[in-house]
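Subject: Structure handover and notes

Dear colleague,

I am passing on a structure for you to look through, with my notes below it. Please open it first, and then read the notes with the model beside you.

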Amino acid sequence: MRQDHLISAVDLSREDIEAVLDRAAEIDANPAAFRQRHAGTVLGLCFFEPSTRTRMSFDTAMKRLGGQTVDMGPVESSSVKKGETLADTVRVVEGYADALVLRHPSEGAATMAAEFIDVPLVNAGDGAGQHPSQTLLDLYTIRENAGLDDLTIGIMGDLKYGRTVHSLAEALTNFDVNQHFISPESLQLPRNVRYDLHASGASVKEHTELDEVLPELDVLYVTRIQRERFPDENEYLKVAGEYKIDDETLAAASDDLVIMHPLPRVDEIAPEIDDSDHAKYFEQAHNGIPVRMALLDILLSNDD
Amino acid sequence: MTDDHQLRVSKIQNGTVIDHVEAGQALNVLAILGIDGTSGETVSVGMNVPSDRLGRKDIVKVEGRELSQSEVDVLSLIAPAASINIVRDYEVVEKSRVVRPETVSGVVSCPNRNCISNADEPITSGFAVLSDGVRCDYCGSIVREKEIAANLDVS
Ligand SMILES: [Zn+2]
């Protein structure tokens with residue numbers, strides 16, 4: 001990888017992405033070969049926002065490479081509570097670890113943190129900004145199930161605040177992909193993501209109804225619409241109800257449609273879909289381990 | 001023409017004259033300079049002054065103040081035709097046109113309240129200059145040119 005950190009999907013070239021996905025495939029095929037690869041390495045986990053899943057995933061990935069993790073623990077019991085700046089926190093934790101993983105509620109937190117440290121940093125989510133390690137596992141899942149070129153994808157749900165959406169859409173511009181965005185008008189893509197997609201010359205179309213594009217999709221990436229985005233409960237229920245998937249919705253879909261979701265889901269994908277061949281979201285979640293192992297392996301080997 | 005000028009905006013002894021400001025932008029220029037009248041500088045403002053180059057223009061004269069590079073950089077975004085005259089002892093000792101920079105730091109604050117650059121961290125706001133605005137180095141938010149005036153950090 002050209003850079004020492006993984007902050008934003010915009011920084012990822014096609015070569016960077018393929019290097020991680022290829023390494024992940026090697027790991028998937030022969031995990032034993034990587035078991036001691038980073039013995040003695042310590043990964044620092046700095047989660048300023050509750051996240052069991054991503055934290056566990058990085059923790060497991062480091063341990064399966066033979067390394068260990070140190071976790072700053074919940075924000076409530078840390079120095080942050082006493083008013084320490086993020087800049088100070090990462091400079092302190094840098095002294096304990098060979099690489100850091102950061103999740104923070106403010107957009108741009110990882111960009112700033114990287115200015116203060118020399119060890120590799122992975123952005124594990126910055127507010128409504130980016131979540132590029134999720135994107136790598138999403139891309140891995142897409143590549144395994146549908147291929148990354150000559151692909152038509154629909155990305156649906158909260159496109160405005162969904163950081164997984166922002167990272168995925170920007171990363172997909174490296175490939176030959178038609179992107180369709182399906183959301184209520186109030187949750188359409190933010191101006192800066194639109195700008196990046198436009199600047200990269202990507203094919204981007206926006207819709208308010210899934211029916212308009214469902215039959216032509218190879219992949220449908222569903223995200224959760226959160227209650228707190230709406231001032232009014234009724235408005236939320238009305239809108240969220242229109243972006244749910246069940247057997248009836250899928251009658252118009254291709255037999256090969258791949259359905260993905262970054263999880264956790266609430267009720268945007270009906271459980272009846274889980275047993276169908278369309279459902280790839282649990283596989284997607286499992287892919288988090290080999291892909292994060294591959295990412296850490298590459299970042300940690302940069303300065304060897 | 002010169003005599004006309006003198007009637008409208010008086011000469012200053014030492015300081016800066018910002019001329020050829022797009023009409024209507026004078027108050028934004030003051031905002032960029034952090035001048036709100038409370039800090040005591042003598043400031044004269046000419047608005048909608050006839051101009052050969054701009055039709056109508058604004059002029060801002062600030063006594064006892066020379067501009068910093070960051071101030072000039074942001075100024076260039078809202079008043080691209082401006083010229084800056086440094087005056088010492090009633091004489092213009094330096095005259096320059098503003099140049100559109102590639103980046104601006106400080107002066108503009110990110111409009112995204114949830115951006116890390118608005119938190120209590122030891123950093124200065126920074127923006128890349130685009131063709132029609134600026135983009136936050138931290139969160140990537142885009143501020144269009146016409147929105148810059150509303151996002152000046154005048155603390
Ligand atoms: Zn920002």
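Helices (labelled H or I, at least four residues) and strands (labelled E, at least two residues) are DSSP runs numbered from the N terminus. Residues are numbered from 1 along each chain as its sequence is written, while chains are lettered from A and ligands numbered from 1 in the order in which they are written. This is a predicted model, in which local features need pLDDT of at least 70 and side-chain atom pairs count only at pLDDT 80 or more, whereas totals for chains, interfaces and linings use all residues; side-chain values use heavy atoms, with hydrogens and water left out.

Let me start with the annotated site in chain A. The unreviewed UniProt entry gives a "binding site" that covers A:Arg53, A:Thr54, A:Arg103, A:His131, A:Gln134, A:Leu263 and A:Pro264; UniProt positions are given in the numbering used here, feature names are shortened, and annotations may be inferred rather than shown by experiment. A:Pro264 lies in the loop between strand E9 (258–260) and helix H9 (281–286) of chain A, and a cis peptide bond, with omega about 0°, joins A:Leu263 to A:Pro264. With a relative accessible area of 44%, A:Pro264 is partly exposed, where buried means under 20%, exposed over 50% and partly exposed in between (1.4 Å probe, protein chains only).

A:Thr54, by contrast, sits in helix H2 (residues 52–64) of chain A and is buried, at a relative accessible area of 9%. Leaving aside neighbours within four places in sequence, A:Thr54 is in contact (heavy atoms within 4.5 Å) with A:Phe47, A:Arg103, A:Ala124, A:His131 and A:Arg292. A:Arg163, in helix H6 (residues 163–172) of chain A, is also buried, with 14% relative accessibility, and the residues that A:Arg163 touches beyond four places in sequence include A:Glu49, A:Arg103 and A:His131.

A:Tyr243 is in the loop between helix H8 (233–241) and E9 of chain A and is buried, with a relative accessible area of 5%; among the residues it touches beyond four places in sequence are A:Ile225 and A:Glu268.

The packing of nonpolar side chains comes next. A nonpolar core is a set of buried Ala, Val, Leu, Ile, Met, Phe, Trp, Tyr and Cys residues joined through side-chain atoms within 4.5 Å. The largest one has 58 residues, and those with the most contacts inside it are A:Leu102, A:Leu121, B:Ile18 and B:Ile148. Apart from it lies another core, of 54 residues, among them A:Ala61, A:Leu172, A:Val258 and A:Ile289.

B:Asp89 lies in the loop between strand E4 (83–88) and strand E5 (91–97) of chain B and counts as exposed, at 52% relative accessibility, whereas B:Tyr90 is partly exposed, at 44%.

With best wishes
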